[in-house]
Amino acid sequence: MKTLAWITTVSCIIYGAIALIIYQSKHADAIEESKGLRAIEVKVKDIERCPGKGLCYLTIVSYQTNNKVVTAKVLGDHGKEGAVISIWTKPGSPKGYESPTAFIEQSMAFFPFLFLPATLVIFPLLLALQGKNESTKQSSQ
């Protein structure tokens, strides 16, 4: 059991380190990309619910760039139909954000799931080892 526990622990530590490196790299990329966002004034066209989600809203906005009208979606409920609001986006992009911080958060939303496989293995292993240590203590008394 000790050999299996050590192998599992070491592999989880290696996997966790790789996942952390990937997470940090993607976070740095998202921060760098957020520097390219520009604040623009847009007109709210509509507010819709996210498909398949109950409490999620998308604000549909439009703005003009290079004599072309662009429609973009912004996560959240922002203003009323016809209102003029400020969003952050890349010119011509179909996505908008409340702020550069919101861009980073949305870019990194699924990366914590990288750590899920390691936790699904390491926690049961630690509990099993703790239970084995307690049973060893009780049998020695």
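Predicted model: local features only at pLDDT ≥ 70, side-chain atom pairs only at ≥ 80, totals over all residues.
Okay, let's start with the nonpolar cores. The largest one has ten residues: Ile40, Val42, Val44, Val61, Tyr63, Val70, Ala72, Val74, Ile85 and Ile87. Beyond its neighbours within four places in sequence, Val42 touches Val61, Ser62, Tyr63, Ala83, Val84, Ile85 and Ile87. There's also a second, separate core of six residues, and Ala30, Tyr97, Ile104 and Met108 are among them.

Now the helices. We have α1, residues 2-34, packing against α2, residues 100-107, at about 150°, and the axes are 9 Å apart. The crossing is right-handed. On the α1 side you'll find His27, Ala30, Ile31, Glu33 and Ser34, and across from them in α2 sit Pro100, Phe103, Ile104 and Ser107. By type, that contact splits into five nonpolar residues, three polar and one charged.

How many does the count come to? Two. One joins the side chains of Glu33 and Lys90, at 2.9 Å from N to O. Glu33 is in helix α1 while Lys90 is in the loop between β4 and β5 (95-96), so this pair ties together parts 57 residues apart in sequence. Glu33 is partly exposed at 39% relative accessible area, and Lys90 is partly exposed too, at 33%.

The other bridge pairs Lys35 with Glu32, at 3.7 Å from N to O. Here Lys35 counts as exposed, because its relative accessibility is 60%, and Glu32 counts as exposed at 51%.

Methods
Residues numbered from 1 in each chain as written. Heavy atoms only, no water. Core = buried A, V, L, I, M, F, W, Y, C linked by side-chain atoms within 4.5 Å. Buried < 20%, exposed > 50% of the residue type's maximum accessible area, 1.4 Å probe, protein only. Contact = heavy atoms within 4.5 Å. Axes fitted to C-alpha atoms, helices over the stretch in contact; angles between N-to-C directions. Helix = DSSP H or I, 4+ residues; strand = E, 2+ residues; numbered from the N terminus. Left-handed = near helix turned anticlockwise from the far one by under 90°. Nonpolar A, V, L, I, M, F, W, Y, C, P; charged D, E, K, R; others polar. Salt bridge = Lys/Arg side-chain N within 4 Å of Asp/Glu carboxyl O.
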